[in-house]
Amino acid sequence: MFSLPVPSRRESLRRQFTADGYVALPGLISPTGLAELGREARRLEADAVRRDFRMPCMGDSPRHMTTLGGDRIARDSPVIARLYEDRDLMGLLSSLLGEAAVAVHDPVERHVLNVLHRPGDTHGAHTDDYPLALVLFLEAPPHPADGGLLEFRPGRGDLGALDGPGVHRVHHRPADGYLLRSDLTAHRVTPLGRPGLRRTVLNFAYTTPGRQGATTSSASLLYD
Ligand SMILES: O=C(O)CCC(=O)C(=O)O
Ligand SMILES: [Fe+2]
């Protein structure tokens, strides 16, 4: 399912991750994995819920997207639930973090599906409850000018930093992944620019030993 970076590349990826709180993992999903996860996501999307609101605990930043929480995903997609606990994948994440990465206990937040599919759809500014977000791209707008870009500000957890200098803006393609130090790095997804675009991701959240429990109400508002 995954084409994991070879061990000899991991030290330089770890250094990038430590420096920026972000590391790109292009082509992380194998071609057969992308086909299978795409089928799973299309099936799951039928039960996903449209969300249009502002997130009170995240500076009233906008959410315009369709989501499905992890408890529903685990029930309806054993493939994704198994993949989340893949030993080789968690080994990679541990080596990039420089300490053990472990599964999140909360069944809602451990793996979620986020679909942006209407013009203006956006996942507004926030930080996550858990330290690691592995985001897997199943669909993405073809061109950076179409929107759906990840914006983040290395080393800054305050959401206002996203409107200042030093913001990184990244385009991803289907089958790409990235790892984000998501509790300490303010991030958001820019609005889709025109009709006909879709951006579908799975977000796998991981934590460190002994650190469990949500710190904000944001996940319950977005996924319950
Ligand atoms: O879709 C993305 O690239 C970011 C997702 C995200 O930030 C989240 O699910 O918390
Ligand atoms: Fe996030």
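In these legends, Ala, Val, Leu, Ile, Met, Phe, Trp, Tyr, Cys and Pro count as nonpolar, Asp, Glu, Lys and Arg count as charged, and the others, Gly among them, count as polar. The views show a predicted model.

View 1. Ligand 1 is surrounded by Asn114, His123, His126, Asp128, Val135, Tyr178, His187, Val189, Arg199, Val201, Asn203 and Tyr223. Sorted by the classes given above, this shell is made up of 5 nonpolar, 5 polar and 2 charged residues.

**View 2. Polar side chains beside the oxygen atoms of ligand 1.** In the side chain of asparagine 114, an N or O atom is 3.0 Å from an oxygen atom of ligand 1. Arginine 199 places a polar side-chain atom 2.7 Å from an oxygen atom of the ligand, and for asparagine 203 the corresponding distance from a polar side-chain atom to an oxygen atom of ligand 1 is 2.8 Å. On its own, ligand 1 has 290 Å² of accessible area, and the protein covers 95% of that area.

**View 3. The cavity that holds ligand 1.** The structure holds 1 cavity of 30 Å³ or more, and the space taken by ligand 1 is the largest cavity, whose volume is about 370 Å³. Its lining consists of 28 residues, and those that lie nearest the centre of the cavity are His123, His126, Asp128, Asn203 and Tyr223. By class, the lining residues divide into 15 nonpolar, 8 polar and 5 charged.

Methods: Residues are numbered from 1 along each chain as its sequence is written. Chains are lettered from A and ligands numbered from 1 in the order in which they are written. This is a predicted model: local features need pLDDT of at least 70, side-chain atom pairs count only at pLDDT 80 or more; totals for chains, interfaces and linings use all residues. Side-chain values use heavy atoms; hydrogens and water are left out. On a 1 Å grid over the protein atoms alone, a cavity is a set of points where a 1.4 Å probe fits but cannot get out, and a pocket is an open set with protein on both sides within 12 Å along at least five of seven lines; lining residues have an atom within 4 Å of a point. Grid points are joined across faces, edges and corners, and a volume is the space filled by probe spheres set on the points. A residue is near a molecule or strand if one of its heavy atoms lies within 4 Å of it. A polar contact is a pair of N or O atoms within 3.5 Å; within protein, one must be able to donate a hydrogen and the other to accept it, and residues adjacent in sequence count only if both atoms are side-chain atoms. Accessible areas come from the Shrake-Rupley method with a 1.4 Å probe; for residues, only the protein chains shown count as cover. A molecule sits in a cavity or pocket if more than half of its atoms lie within 2 Å of its grid points.
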